[in-house]
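Please read the following alongside the sequence and the coordinates. The text goes through a few local features, one after another.

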Amino acid sequence: FQLRQWSSNSPKLMQLVKDNNVQNDDSIVKVLGIMWNTIDDCIFFNEIPKWDKSYCKRSVLAATNSVFDPMGYISPVLMQNKLFLQKLWKLDLKWDKDFENNNILMQEWDRLLSDCEKAVRNVTILREIKVDRNTEIHVFCDASSTSYGACIYILNPPINLDTRGNSKLVFAKGKIKPKNTVDNDNTIPKLELTAMLVGARLVGLIQASLAIDKSNNVYLWSDALVVLQWLSSQDIDSAYVHRRVVAIRESCPGAILMHVATLDNPADIITRPIRVDKFVKNELWWRGPNWLVEEKRNWPIQEIEYNLSPPLINIQSIDINIAIVKEFDISFNFKDESIQTLLQISMVDRCIELKENSILKFFDTYDFTRSMKVLIYVFRLAHGTQFHKNLTNSFGNIFKTNLGQFEFAKLKAILIMQKECFSTEKLILDSGKNVDSGPCRGFGLRYDDLGVIRCTTKAVQLDPVNELGPILVAPTHPFVMSYIYSLHYHSNCASRNYTLNRVRREIHGPGLKVMINRIVQRCFICKRHRAKYLRFTYPRPKPLPIFRTKFLAPYVACGVDLAGPYKVTDGLSKIKVWITLFTCLVTRAIYLVLVKDLRASTFFRALKELSCRHSTPLLLLSDNATNFSSTNKLLKEIAKHLPEFERSEGLNIVWKFIPVKAPWTGGVYERLIGNLKSNLDKMNFSQ
């Protein structure tokens, strides 16, 4: 199409178009919804918010969206309107439902509308932006519990030490936190990271719109140290954080991460309420921090240097790792250089910060079995295991380990751990002396045939499995902590005392009991099964009945109950089964019988099995289940038709039924039923 009229802030151009009679004589013109004053070369807003005087959600939304602010210049003011609208949503108000009866909401909306009108009338922005090869882009990000946002400034640095630069707000964007989100995604650090992502995505728009070269410096400022640490990390566990970190790195590669104090962060204005009269004249919002236009040496001191694109492998760490690995007699004699490089990378990738930490640090990251497989993989390479020509296809077979390789890697890990943690004790033992000082002075340390330091205990002769004595360990070492948790986990998450007894049969060391208590306390499975929904004080218990305290043979007086149903595999199909639990009322011993149904005849066979294996009960305590009551009637019916001298002991059972709808009176067996179910849930990983 043919242009009809021209408007410009250039007098020469306006004189030219005037000669051709295509000039626009108006000094204020509308450009893409924003008003432009060509004389002063400034832009301002077109109209005040349009409100129909109705206090309802529809009118609030219409008035909020009637202000067209594509560059986000007054976003701090509009954010308060959006938060008010979200509040109406949380109150579950209908679109045309009035809230005139709520004076608090009415007053709040009137104040917000008045602030918005003042901001629209009083905000005027100079349009001029100077861009050269030294122009820098500064992105400030922040978040609160309700909203997050970012603002972008164009900075022309000072030419010399005696001058000041020039900074200007060019774009801002604020968002409110969604109402319905996962609780883990509502944390302030994650919202801060999302704000950083919003700002990073705007960088490309600013560079393209203002023709700024991508080689110019881009600074990402945040007052959240945890976000800067995430952006400087390679190994990130959270999928939510990892996706956003990758998106930020793709949006503005090469950006410089910087930390800024909250009081100097202009993005903080987006996320917090501010009076409109202070907002209009707020230099922090329109120009950025005062120190931004000064020399970089006057900027905030960065205590930690952050890197948006950290290197995958530090070459200096490789040298340190290889030196440590060689110290532990792991040879690297390979004909194939690719295997040599693969081994070095495998060791380095799992041993971060080896200047201070252990070479077995990766036991903190994975479980014990998987970490041992990684170690076996490394030792296979170190000892020249032959690989297929295609390493990719054979990679899946690497982790099919056998017991011999597992024990070999475990022995090597123990030697490494002892060399790292007990260097003083090793020097004393190497000199032929006894360790009489230090935390291990009472352990009777000695070497075995494999060079492992072992402890001498009183129970060595009583333990044929570990007759050499327990191995000396440092409980705080990553390898040892992972091993203790593995023993605890594979013991069906047993109690602290059982885990301590199980661990001490194999290893021993200073502070071992404290570490075991800590590991058991932090075990997630144990936490879940120890959790109680309600804590209250139990009433004072009554004295136990005589059949609970009188000593008799086991199972002469017992309680009985069933647990289930459980689904078990029977051939190619699954069937339901129940567990019959007999418990001695005196010794609390239990006897379990598996039954396939709840019929009286089936329970009768279970009772007969108990009588054959132990003793015939003279007293049975149970609830009023039909299989129990039917069995009791059956025994009485049989005894009625037999002479007294022909009756067996089983026909003289005294059966005590607890009151109906009072299961707590059968707590003597209900407690054991609960323990049985709890342990079965642990074994089956039930939720």
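Is Trp6 buried, partly exposed or exposed? In this predicted model, Trp6 has a relative accessible area of 37% and is therefore partly exposed. Together with Leu13 and Leu16, Trp6 makes up a nonpolar patch on the surface. The accessible area of Trp6, Leu13 and Leu16 together is about 270 Å².

Strand β1 (residues 28-31) and strand β2 (residues 34-37) run antiparallel and are joined by 4 bridges.

With strand β14 (residues 557-570), β17 pairs in the parallel sense over 3 bridges. Ala557 has Leu619 as its bridge partner in this pairing. With strand β18 (residues 654-657), the pairing of β17 is again parallel, and here there are 4 bridges. Leu619 also takes part in this second pairing, where its bridge partner in β18 is Val654.

In a regular strand, side chains alternate between the two faces of the sheet. What covers can be read from β17, strand by face: Leu619 and Leu621 lie on one side, Leu620 and Ser622 on the other. All four of these residues are buried, and both faces of β17 are covered.

The cysteines remain. How many disulfides does the structure hold? The count is 0. A disulfide is a covalent bond between the sulfur atoms of two cysteines, and the cut-off used here places those atoms within 2.5 Å. For Cys440, the closest cysteine sulfur is that of Cys455, at 7.1 Å, so the two are too far apart for a bond. Cys440 is buried, since its relative accessible area is 0%. Cys526 is likewise in no disulfide, and the sulfur of Cys523, the nearest cysteine sulfur, is 3.6 Å away. Cys526 also counts as buried, because its relative accessibility is 6%, and the limit for that class is under 20%.

Methods
Residues numbered from 1 in each chain as written. Predicted model: local features only at pLDDT ≥ 70, side-chain atom pairs only at ≥ 80, totals over all residues. Heavy atoms only, no water. Patch = residues over 30% accessible without salt bridge, like charges linked within 9 Å, V, L, I, M, F, W, Y side chains within 5 Å. Areas by Shrake-Rupley, 256 points an atom, 1.4 Å probe, with all protein chains shown as cover. Salt bridge = Lys/Arg side-chain N within 4 Å of Asp/Glu carboxyl O. Buried < 20%, exposed > 50% of the residue type's maximum accessible area, 1.4 Å probe, protein only. Helix = DSSP H or I, 4+ residues; strand = E, 2+ residues; numbered from the N terminus. Pairing = 2+ DSSP bridges.
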